[in-house]
Structure formats: C-alpha cells, structure tokens
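This briefing sets out helix packing, salt bridges and backbone geometry for the entry shown below. Topics are grouped for reference.

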Amino acid sequence: MAEKRPRMEADGREDVDENTNQSNGTFMFSDKPSLEEIRKMSSKFADDRDWNQFHTPRNLLLAMTAEVGELTEIFQWKGEVKEGLPDFSEAEKRHVGQEMSDVLLYLVRLADKCHIDLTAAVVDKIQLNAKKYPADKVYGKSNKYTDYDNSNRGDS
C-alpha cells in the first residue's frame, strides 16, 4: 500500500486542515506571523500606549514569570495531561492558548529589549543541544547531559 502523503498547495506548501493545524495527522504551527512580525506588532502595541517606559528587561522578565504561573495554574491538579489536551474543554484549551500567547509575547518583547535575535538563538541552542545529547547515545533516555560522555558538549 502506498504511503499517504499530504496534499500540496499550488505554492508547494502542504494542504493543512485550517481547523486543526494538522497535515496528515501531525500538528503544525501557522506560517504567519513570524517571530519578527510578532516583535514588530508587540513593539507597536507598546509604542501606541507609551509603555516602553515600563518595558525594562527586568519588568518584562517578571511579567513573563507571572504569566508562566498563570499557565501552570491551568494544569495544576489535572494529573498527567495527554498530548493534544483531549480531556480539556474548548474553553480550557482557549485559556491555555491565551496564557501561552502571553508568555510568548513577553519573551519576544524581552528579546527585543535585550537585542537578542531569538530566532538565531533558538537555532544555536538546538545545535548545542545536539552536541550535548547525541541521538545515538541518548535515544529513549532522559538523563542529564552530564551523564553522557560528550567531548563536544558546548555551553549550557
């Protein structure tokens, strides 16, 4: 039997179910907006309200930490939560998305104020983690990188 492949759009992108963000059963993020577009939108939002005076790195970090706490509260007392949140109501899923959005917005704003290219930093971090956790040594294991003999470990 032939492998089922996702339908492709005329522009070469996969045909994604708009309601579930899934292609061939695999969850995907939307293509837009990019982190740079989110940075610009967040910056304009703050500019329009004269909030830059309050958006210091410290204040943004504290605000983001508070939002992580709000996200944590949603999961508190739920026990182990399954992928896709099948046991959550639609209202709870929306709430999770709102709190995750708050965390992301503060993280992007913090990166902007610290002049950190977050996209480049993520790529660098994934490359460092690949050295710290080589797939052939850590496959199926959850130990800390110090438990593996990695001569090209990189920085934390």
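Which side chain meets that of Glu 37 in a salt bridge? It is the side chain of Lys 32, at 3.6 Å from N to O; a salt bridge here is a side-chain nitrogen of Lys or Arg within 4 Å of a carboxyl oxygen of Asp or Glu.

The model is predicted, so local features need pLDDT of at least 70 and side-chain atom pairs count only at pLDDT 80 or more, whereas totals for chains, interfaces and linings use all residues. Residues are numbered from 1 along each chain as its sequence is written, and side-chain values use heavy atoms, with hydrogens and water left out.

**Overall architecture**

- Five helices and two strands make up the secondary structure of the protein chain; these are DSSP runs numbered from the N terminus, with helices (H or I) of at least four residues and strands (E) of at least two.
- The order of elements along the sequence is β-β-α-α-α-α-α.
- Of the 156 residues in the protein chain, 19% are buried; buried means under 20% relative accessible area, exposed over 50%, and partly exposed in between, with a 1.4 Å probe and protein chains only.
- Among contacts between residues at least 6 apart in sequence, 42% join residues at least 24 apart, a contact being heavy atoms within 4.5 Å.

**Packing of H2 against H3**

- Two packed helices are described by the angle between their axes and the distance between the axes.
- Helix H2 (residues 57–75) packs on helix H3 (residues 90–114) at an angle of about 160°, with the axes 9 Å apart; axes are lines fitted to C-alpha atoms, for helices over the stretch in contact, and angles run from 0 to 180 degrees between N-to-C directions.
- H2 is therefore roughly antiparallel to H3, given that angles under 35 degrees count as roughly parallel, over 145 as roughly antiparallel, 65 to 115 as roughly perpendicular and the rest as oblique.
- The crossing of H2 and H3 is left-handed, meaning that the near helix is turned anticlockwise from the far one by less than a right angle.
- Residues of H2 in the contact include Leu 60, Leu 61, Met 64, Val 68 and Leu 71, and those of H3 include Val 96, Met 100, Val 103, Leu 107 and Leu 110.
- The residues of the contact of H2 with H3 comprise 16 nonpolar, one polar and six charged; Ala, Val, Leu, Ile, Met, Phe, Trp, Tyr, Cys and Pro count as nonpolar, Asp, Glu, Lys and Arg as charged, and the others, Gly among them, as polar.

**Packing of H1 against H3**

- Helix H1 (residues 35–48) and H3 have axes that come within 9 Å and cross at roughly 85°.
- H1 and H3 are therefore roughly perpendicular to each other.
- On the H1 side the contact is made by Leu 35, Ile 38, Arg 39, Ser 42, Ser 43 and Ala 46, and on the H3 side by Leu 104, Leu 105, Val 108, Arg 109 and Asp 112.
- Six nonpolar, two polar and three charged residues form the contact of H1 with H3.

**Salt bridges**

- Side chains of opposite charge can pair when their charged atoms come close.
- The whole structure contains seven salt bridges.
- In the pair of Glu 37 and Lys 32, Glu 37 is partly exposed at 30% relative accessibility, while Lys 32 is exposed at 60%.
- Glu 36 pairs with Arg 39, the closest N and O atoms being 2.7 Å apart; because they are three residues apart in helix H1, about one helical turn separates them.
- Glu 36 is partly exposed at 37%, as is Arg 39 at 26%.
- A network of salt bridges links Glu 36, Arg 39, Arg 109 and Asp 112.
- Glu 90 and Lys 93 form a salt bridge with an N to O distance of 3.8 Å; Glu 90 is exposed at 52%, whereas Lys 93 is partly exposed at 27%.

**Backbone geometry**

- Most residues other than glycine have a negative phi, and most peptide bonds are trans.
- Lys 32 and Pro 33 are joined by a cis peptide bond, with omega about 0°; Pro 33 lies in the loop between strand S2 (26–27) and H1.
- Asp 50, which is not a glycine, has a positive phi of about 55° and is found in the loop between H1 and H2.
- Leu 85, also not a glycine, has a positive phi of about 55°; Leu 85 lies in the loop between H2 and H3 and is buried at 17% relative accessibility.
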